[in-house]
Amino acid sequence: MTKIVKGGNLPVPGQVWRIAVVRRAAGEGVPEVDASALLLDAAGRVRNDGDLVFYNQPEHASGAVRLLGQVRDEEQRVADWLEIDTARVEPGVRRIVITASSEDGTFGQVPGLHIRTIGAATGEQLALYEVDDASTETAFLLGEFYLRDGAWKFRALGQGYDSGLVGLAEDFGIVGRDPEPAPDDDAAHDGGPDPADEPVPVGAAPEAIPEELLAKVREAEAEAALVPAPPRVPSPRTPRTGPRPTAALFGGEFPEFFRSGEGKADITVDVPLPAGYVVVESTRKGDGYFAVHSIDEKGESDALLANTLLKDQGARRLLRYDGTTPLRLRVSDYGEGWTVAVRPVSTVEVLDGTAEGRGSDVLLYTGPAGLLSSRLRTRFEFEWFNVHGYEPDGRDHLLANDASRFPRETRPLPEGPLLVQLVSADGDWTLKVRPPKENRFWRRGQGGPTRLP
């Protein structure tokens with residue numbers, strides 16, 4: 001057996017291994033600890049919720065990773081055992097991370113925490129890594145098996161988290177969902193297949209439309225040339241009788257700015273703007289490429305505020321204005337004319353229960369914390385849908401980020417006030433706010449995990 005330190009690695013021969021996550025048994029101030037495994041792709045992300053093997057999901061669908069159970073010895077030690085069979089590992093999996101978590105204490109209270117790797121065929125102990133620096137963590141990445149040049153290796157990680165198994169798993173793309181769909185969400189998506197489970201990296205910039213999507217848009221435009229598409233313009237606004245106090249947290253009132261034109265143009269917004277969020281609304285006639293950017297102090301295009309190849313498209317986007325220099329916008333249009341408006345946040349619609357729309361838009365949420373279900377219907381085979389929530393101080397919450405045939409997600413919605421920015425290249429979207437409820441994906445069964453004799 002080889003003892004290694006944090007960051008150390010070594011090859012692991014054979015194709016079936018048993019892994020023991022060992023520590024002092026719970027009791028007398030020592031909390032319960034659970035072992036789990038995450039199957040990750042080349043980008044370090046799970047492909048779907050099934051790539052987490054833990055107490056409520058003890059075996060991967062491929063059979064490659066199993067949580068065998070738990071054993072104890074006379075020395076008050078306990079071990080959770082897992083098994084990995086590399087012959088069953090799917091081609092898309094490049095790493096298998098072994099983790100430990102605690103629901104009722106920290107790892108500073110857990111003596112003797114270590115991980116052992118054993119060859120299943122020979123019983124030979126291949127690697128040992130001891131955690132000797134735990135403190136306030138409630139979850140740990142202990143070690144990982146990873147592919148390098150066609151061979152598997154083991155690396156000691158020792159990375160701690162203060163957010164438990166839920167926070168750790170969410171960092172790798174897991175969003176624990178209630179297995180029972182909401183009553184109005186279990187219908188088929190217009191008769192089409194279920195949404196694809198390929199994740200989009202959380203760090204993907206909401207302003208950029210993937211090149212693959214643009215190619216699909218161009219193909220669809222060519223195919224639909226003989227069938228005029230309905231106008232893609234923002235829905236009309238209900239006139240306001242005055243500013244909302246909540247909206248004022250995001251930015252003050254100012255006279256609305258309008259400008260129309262054709263082709264390319266640089267615009268200076270010549271109304272007094274207070275610092276804070278503003279809404280930039282754009283509509284265009286005709287087809288061809290259309291984009292609106294803000295312009296930075298060097299005269300370069302900055303934040304993307306509209307971007308489309310579709311006919312008669314409209315968009316609303318948020319822009320956070322610093323209040324120090326005049327706001328300038330750059331319009332690029334190869335269509336038949338455009339209109340740009342800059343409006344205060346008080347003009348946006350309120351997200352109250354359910355909202356529907358098309359294209360990019362902005363809504364104001366003022367309710368309590370809950371869950372936000374988002375869905376997009378599109379005529380394309382591949383569509384990107386992104387939703388962010390912004391607090392008055394600029395803090396950002398990712399509420400949806402999906403690219404598939406029918407983008408659809410449910411994520412936690414923070415307590416308002418929150419400006420909700422939807423970004424969609426094309427399609428009709430629906431948002432539904434639901435009350436928070438216990439997520440059974442993370443809830444233990446009454447008997448806890450399976451235990452070996």
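Analyst: Ala, Val, Leu, Ile, Met, Phe, Trp, Tyr, Cys and Pro count here as nonpolar, Asp, Glu, Lys and Arg as charged, and the others, Gly among them, as polar. The model is predicted, so local features need pLDDT of at least 70 and side-chain atom pairs pLDDT 80 or more, while totals for chains, interfaces and linings use all residues. Residues are numbered from 1 along each chain as its sequence is written, and side-chain values use heavy atoms, without hydrogens and water.

By these classes, 6 nonpolar, 2 polar and 6 charged residues line the second largest pocket. A pocket is an open set of points on a 1 Å grid where a 1.4 Å probe fits, with protein on both sides within 12 Å along at least five of seven lines, and a lining residue has an atom within 4 Å of a point. The volume of this pocket is about 300 Å³, taken as the space filled by probe spheres set on the points. Of its 14 lining residues, Ile-295, Asp-296, Asp-302, Asp-322 and Thr-325 lie nearest the centre. At least two lining residues come from each of β16 (290–295), β17 (301–308) and β18 (314–321); strands are DSSP runs of E with at least two residues, numbered from the N terminus. β18 gives the most, with 3 residues.

Four strands form an open, antiparallel sheet in the order β22-β29-β24-β27. Its edge strands, β22 and β27 (408–413), each pair on one side only, where pairing requires at least two DSSP bridges. Between β22 and β29 (residues 428–434), which run antiparallel, there are 5 bridges.

Gly-359 occupies the loop between β22 (354–358) and β23 (361–365). Because its relative accessibility is 0%, Gly-359 counts as buried, the term for values under 20% with a 1.4 Å probe and protein chains only. Leaving aside residues up to four places away in sequence, Gly-359 touches Gln-313, Ser-424, Gly-427 and Trp-429; a contact means heavy atoms within 4.5 Å. Gly-359 also lies 6.8 Å from Val-423, C-alpha to C-alpha, although the two are 64 residues apart in sequence.

Note on methods: Buried means under 20% relative accessible area, exposed over 50%, partly exposed in between (1.4 Å probe, protein chains only).
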